[in-house]
Structures are given as structure tokens and as C-alpha cells.
Amino acid sequence: MKTGEDARGEGSTGPQKLGLCVLCGLPAAGKSTFARALSHRLQQERGWAVCVVAYDDVMPDAFLREASARPLPSQWKLLRQELLKYLEYFLMAVINGCQMSAPPDRTEAMWEDFITCLKDQNLISSAACEAQSCYLLTKTAVSGPLFLILDDNFYYQSMRYEVYHLARKYSLGFCQVFLDCSLETCLQRNGQRPQALPAETIHLMERKIEKPNPEKNAWEHNSLTIQSPACSPEASLKLTDLLLTALENPVKCVEDNVEQKETDRITCSTNILHQADQTLRRIVSQTMKEAKGTLGTYRPGSRPDSAASPVSWTLGCTSASLQLEASSRRT
């Protein structure tokens, strides 16, 4: 694996480097402020294109305008998946170097907020055929490394895994940054907001949050925990190295394909059993022929060597075959 020290961001040749960064943590942990500062630093110091997608800016208002009520958890899940679909359409346009089209089934208000998000960061142009929901990519979006920073709570592992799955589908870089902030600080900051969340919501999320666990989940190995509100120079260097490493080591499409691995294992096991069965059948057939010849020349009063008896050996082979079959079924 290439490390951040070996990475070459700007000025490199080959396909455009693309990355997804999941920024997660409790509400009011400082994620949005952190994301804006990180975006500015990456553009100034690295010359990268950066797209910050703040879920709070795209999803809630869209739903409230159309439904006039806060969505249920199941509806939130559908909206999150819909937003990932929008991101996928944008990524497909960047990868293929073509216009970005709109998905046929979309929540119009949320799609408009997503388009505004991309325009505000100079990633798509309004000069395209918007009447047909087609948008041209800007030079910024396609001229160098591009990192998408997804700013949300992502308090369940399954939420972050959906983003990882998208990175794996298109062989993108992937990493996670967990902004660690005390519950007391989050509650204090939340209370100062114009539209504060209920305190019990933050308490509940603090109890349920599943922090990145690289030791348990291999797909989370590119993760970093940063203390909020302070971000030390050492943490800043680690963050830069994390992003560089993610860009230089995109997720492979076949990585962690459990279903395919299980299919291959069963196929391999079946082939071994079949080959062993065919071999033992030939041995048994040949041994039986030899046994018939031995019995045909047997003379009364003589005693064949039981240890070398072809019949005994044949029975042993049959027993071994049955044991192999039983072992294969257990695995």
C-alpha cells in the first residue's frame, strides 16, 4: 500500500483521483466548521477540488417543504439513500467526462438543493440544458484530484458502509474522520443554535453512536479520530496523510466480496469432492478386478495375508471416501 509520503496529488498523470471522506460525530460537534476549514486548506495547499455535502443543508428543508413534517426514521433512510444516488450520478459524470443528468425518480426540492450545493462550489455550470435536467461539469471538477466530504452524524456503522459500498463500486478512495466531542460541549453548542435539536435527541444519539472500529471492520481501516474543538498540528498532519493514502489506494471492486468468496469456496469444495470420488471409483474398480483374480486362484488350506487383502484395502478406500464426503458437507 502506498502511504501519504509516497502520494502524488497535483501534477500526477493517469486517471483522475477521486475520494470520499465520511465526516461523522454527534450533532454540534463542529463537523460543518471543520469541513469548511478542511476544504479551504486542501484547495489552497494541495490544489484539489473539494465538494462538501452537508446533509443538513440538502435533506431537511427539502422534506419540510414537501411534507410539512419531520420524516420518520424509515423515511430518513430512504432520503439518505436518495442523496447517495445523486452523488453517484455526479461521480459517473466526472468519471466518464460527460454531462450530469438527473435521476428520473427524485425528490425535486432535495435535488434542487443538491444542484445548488454543487454550483456554489464551482463544480457544475448553469450553462447546460437545465430544462432537460442536464448540467455541464466545470474545469474545477475534472482538472485534478477531487475529494467529496460528506458531513453528517453517520452514527450507525451501516450508514457509513453505504458510502464505502459506493467507493468500492467505482474504485474510489475512501476514508473516515470521527470528530470526538464531549456530550456537554455538544449540548452547550446546540443550545446556542437558532434551530436547536431537542436535548434528548443528542443524548439518545450519544448512547447509540457506533464509532469507527478499524480493528473489527477491515473496511474501516482508513479512519482517524480527531478531538474537537482543538485540532493539533500533529492531528492535522495525520489527517493530510489519511486523505493522501485514500487517494493513492482506492478501494478495489472485488474487495470484501463475501458472497463471491462463499460461492468460490463451495465450488472449490465440490470440485475436490468430485475429483476424489472419481479417483476412488477407478481404484475400487481396479481393486475388485484384482480381488476376483486372487480369489479365483485360491487353494484350500492356504491363508491369504489379511493385511494385504485387496478386499480389505477396497473397504478402506470406500470408508475414506465416505469420510471425505462428510467432511466436505460440514465445511
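Helices (H or I, at least four residues) are DSSP runs, numbered from the N terminus. The expected span of a helix is 1.5 Å times one less than its number of residues. The structure is a predicted model, in which local features need pLDDT of at least 70, side-chain atom pairs count only at pLDDT 80 or more, and totals for chains, interfaces and linings use all residues. Residues are numbered from 1 along each chain as its sequence is written, and side-chain values use heavy atoms, with hydrogens and water left out.

Helix α7 covers residues 157-169. Its 13 residues reach 18 Å from first C-alpha to last, close to the 18 Å expected at 1.5 Å a residue. Buried residues (under 20% relative accessible area, 1.4 Å probe, protein chains only) in α7 are Met 159, Arg 160, Val 163, Tyr 164, Leu 166, Ala 167 and Arg 168. Ser 171 follows α7 and has a positive phi, near 55 degrees.

A nonpolar core is a set of buried Ala, Val, Leu, Ile, Met, Phe, Trp, Tyr and Cys residues joined through side-chain atoms within 4.5 Å. The largest such core holds 55 residues. Phe 90, Met 100, Phe 114, Leu 148 and Phe 174 touch the most other members. Helix α4 (residues 73-96) supplies the largest share of this core, nine residues. Another core, of 22 residues, lies apart from it and includes Ala 35, Ile 149, Val 177 and Leu 243.

Phe 174 contacts (heavy atoms within 4.5 Å) several α7 residues, including Arg 160, Val 163, Tyr 164 and Ala 167. Residues up to four places away in sequence are not counted. Trp 219 and Val 251 are also among its contacts.

Asp 113 is placed in helix α5 (residues 108-120). Asp 113 counts as buried because its relative accessibility is 19%. Its C-alpha lies 8.1 Å from that of Met 59, 54 residues apart along the chain.

Methods:
Buried means under 20% relative accessible area, exposed over 50%, partly exposed in between (1.4 Å probe, protein chains only). Helices (H or I, at least four residues) and strands (E, at least two) are DSSP runs, numbered from the N terminus.
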